[in-house]
Amino acid sequence: MNLTNSPQRFGLVSKLIHWLMALLILSLIAIALYMDTLPRGPEKFQLFDLHKGLGLIAIAAIAIRIIWHRVSKVPAPIGEGIKLTMAHLGHLALYLLMLAMPISGMMMSLAGGHDIKFFGLFTIAGFAEKNVMLNELGASVHHYAGQLLYVVIAVHVLAALYHHFILKDDTIKRITSK
Ligand code: HEM
Ligand code: HEM
């Protein structure tokens, strides 16, 4: 089992990062969608804390992912011409959104004067005085980048299925097995 990537295949580290982060981000979205439906109260605030704690893990994970992919370059997507360009742009969009989401989330919370608790281990204190401009900017970016993320993830999954079932190439296989 190879730990590092080669020009043709993903190594174990990149595979683990991909699937653990996919699980983390889909969980963050599911929690966000559910907490949005709740009335203000203890259950909603508990879920806010869970979402924010997991969001901090996401920011650390994306930093590790970017560093790792500098150390061990991921293989180019399978395909040529326009399809290859689209795959590259899709992955770039996923990276930008994976950065924009936790950064804007932290900005919205801290500038809104709310602490970010990390599962009882430590707390990042919110601004003593609310900064309305930064709070609203963070909230807007978090909201609109979130909407965009749903679309880009949906296209990403459909593209993976298209490669597997229509083009019948190794796109899914090389990030799951081998
Ligand atoms: C659960 C559904 C998912 C499936 C079936 C899936 C499938 C795949 C496949 C097959 C590849 C390899 C593409 C290639 O060979 O170039 C890939 C790469 C990638 N996926 Fe996903 N993915 C899923 C979820 C996600 C999520 C939720 C994210 C992030 C929000 C994500 C981000 C990426 C990125 C950035 C790459 C490029 C390779 C890299 O830099 O690590 N994926 N995905
Ligand atoms: C990759 C990381 C993250 C993802 C994918 C994510 C995703 C989301 C999504 C989809 C929403 C619903 C937005 C809407 O349409 O209104 C949301 C809401 C929220 N997120 Fe995040 N988030 C992440 C990280 C964070 C972080 C790090 C924080 C703060 C430390 C945070 C704080 C919040 C808060 C407070 C809300 C509720 C906003 C409201 O309803 O007023 N998020 N998040």
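Modeller: Phenylalanine 119 is partly exposed, with a relative accessible area of 42% (partly exposed lies between buried, under 20%, and exposed, over 50%, with a 1.4 Å probe and protein chains only). The model is predicted, so local features need pLDDT of at least 70 and side-chain atom pairs pLDDT 80 or more, whereas totals for chains, interfaces and linings use all residues. Residues are numbered from 1 along each chain as written, chains are lettered from A and ligands numbered from 1 in written order, and side-chain values use heavy atoms, without hydrogens or water.

Phenylalanine 119 lies in the loop that joins strand E1 (116-118) to strand E2 (122-124) (strands, E, of at least two residues, and helices, H or I, of at least four, are DSSP runs numbered from the N terminus). Its phi is positive, about 45°, although phenylalanine 119 is not a glycine. Most residues other than glycine have a negative phi. Lysine 168, in the loop between H4 and H5, also has a positive phi, near 50°, and lysine 168 is exposed, with a relative accessible area of 65%.

Ligand 1 sits in the largest pocket (more than half of its atoms lie within 2 Å of the grid points; a pocket is an open set of points on a 1 Å grid over the protein atoms alone, where a 1.4 Å probe fits, with protein on both sides within 12 Å along at least five of seven lines, and lining residues have an atom within 4 Å of a point). Helices H1 (12-37), H2 (42-71), H3 (81-111), H4 and H5 each give two or more residues to the shell around ligand 1.

Of the 20 residues around ligand 1, His18, Arg65, Tyr95, His156 and Arg174 come nearest (a heavy atom within 4 Å makes a residue near).

In the model, residues 148-167 are 100% helix, with end C-alpha atoms 26 Å apart.
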